[in-house]
Amino acid sequence: MRLGICTDPDKAHIVKKAGFDYYEAKVFDMHDATEEQFTEWLNMQEKAGIQSEAMNCMLHQRYQVTGPNANHEEIRAYLEKAIPRCAKMGCKTIVFGSAWSRNMPEGFSDRKRAYEQITQYLHMASDICGEYGINIAIEPLAANVTNIMTFVSEGNYVCRIANRENVRLLVDFFAACCNFENVYTAITGYAPVLEHLHFSAVNRKYPRLDDGFDYTQFFRGIKDSGYDKRISVEASHIGDPYEDMVEAMRVFQKYLNNG
């Protein structure tokens, strides 16, 4: 099991200091960075002794996967620049959340067509990512931020229709709670296609031992399913970033050792 933090490259040294194995940067930042900035990020993580083994925010808001204005060819050019940089940063898994890009736009209600468009996008992205040994993790999100691919079962459905070896599934603890899903069932039921996990407190803050939340079912699902890949903390800071990370590590140590 590898544990990480969703943050920017300039925090890589803090992530390492707090005892984590990797950090999770943003794909669109890789695309937008100048050559000088990108080189600086590579140097930062080399100095820190840690890599961005996973990345999220796959697409910019300006790109549309679904609907009548879907711009897949523009997305192709974007990915062809971003993905090689992700690979250089050590990325092995890219999270496809990007609610703004996959959402069915206002006035577009053809869900079947939307699934077809998402599948077409995933095939294109799969080909590009596959050249670099990168897997794609479909992220079901809270129903208040997206109108498609909310439940974990729906994410699994898209995995099946995409039918690509490197297109897999993510379970986000916060999103599952928002959607009133059974997180234990979500993890154990879809373990064969599970690529990545996101974790936070129920209120999307950094988890703490004294926050009053019970994470037993999440970690029991991990243990019972045999999941042993990566878990990233994706959360808002409560106070000092380093202290928040240390507290999150204490939660992991408690539940992974005793859960």
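Visitor: How do the residues lining the largest pocket divide into nonpolar, polar and charged?

Guide: Start with the class of each side chain. In this predicted model, the lining of the largest pocket divides into 10 nonpolar, four polar and four charged residues.

Visitor: What volume does the largest pocket have?

Guide: The general idea comes first. Rolling a probe the size of a water molecule over the atoms shows where empty space is left. Here the largest pocket has a volume of about 290 Å³. It is lined by 18 residues, and the closest to its centre are Glu139, Leu141, Val145, Arg204 and Glu234.

Visitor: Which elements give two or more residues to that lining?

Guide: They are α5 (99-102) and α8 (173-178). Helix α8 gives the most, with three residues.

Visitor: Now the second largest pocket. What is its volume, about?

Guide: The volume of the second largest pocket is about 240 Å³. Of its 14 lining residues, Cys6, Thr7, Lys26, Glu234 and Ala235 are the closest to the centre. Glu234 is also among the residues closest to the centre of the largest pocket.

Visitor: Which strand gives the largest share of the lining of the second largest pocket?

Guide: Strand β2 (residues 22-26), with three residues. By class, the lining of this pocket divides into five nonpolar, four polar and five charged residues.

Visitor: Which residues line the largest cavity?

Guide: The lining is Pro140, Thr150, Val152, Leu170, Val171, Asp172, Ala175, Ala176, Asn179 and Glu181. Both β6 and α8 give two or more residues. The largest share, three residues, comes from β6. The classes are six nonpolar, two polar and two charged.

Visitor: What follows α7?

Guide: Asn163 follows α7, and its phi is positive, near 55°.

Visitor: What caps the N-terminal end of α11?

Guide: Asp240 does. A side-chain oxygen of Asp240 lies 3.1 Å from the backbone nitrogen of Tyr242.

Visitor: Which residues of α11 are buried, and what do they pack against?

Guide: The buried residues are Asp244, Met245, Val246, Glu247, Ala248, Met249, Val251, Phe252 and Tyr255. They pack against β1 (2-6), α1 (12-17), β7 (194-199), α10 (216-225) and β8 (230-233).

Visitor: One last residue. Is His31 buried or exposed?

Guide: Compare its relative accessible area with the cut-off. Buried means under 20%. His31 has 13%, so it is buried. It is found in helix α2 (residues 27-32).

Visitor: What is His31 in contact with, beyond its neighbours within four places in sequence?

Guide: His31 is in contact with His60, Arg62, Tyr78, Lys81, Ala82 and Arg85.

Key: Residues numbered from 1 in each chain as written. Predicted model: local features only at pLDDT ≥ 70, side-chain atom pairs only at ≥ 80, totals over all residues. Heavy atoms only, no water. Buried < 20%, exposed > 50% of the residue type's maximum accessible area, 1.4 Å probe, protein only. Helix = DSSP H or I, 4+ residues; strand = E, 2+ residues; numbered from the N terminus. Contact = heavy atoms within 4.5 Å. Polar contact = N/O pair within 3.5 Å; in protein donor to acceptor, adjacent residues only side chain to side chain. 1 Å grid on protein atoms, 1.4 Å probe; cavity = no way out; pocket = protein on both sides within 12 Å on 5 of 7 lines; lining within 4 Å. Points joined across faces, edges and corners; volume = space filled by probe spheres on them. Nonpolar A, V, L, I, M, F, W, Y, C, P; charged D, E, K, R; others polar.
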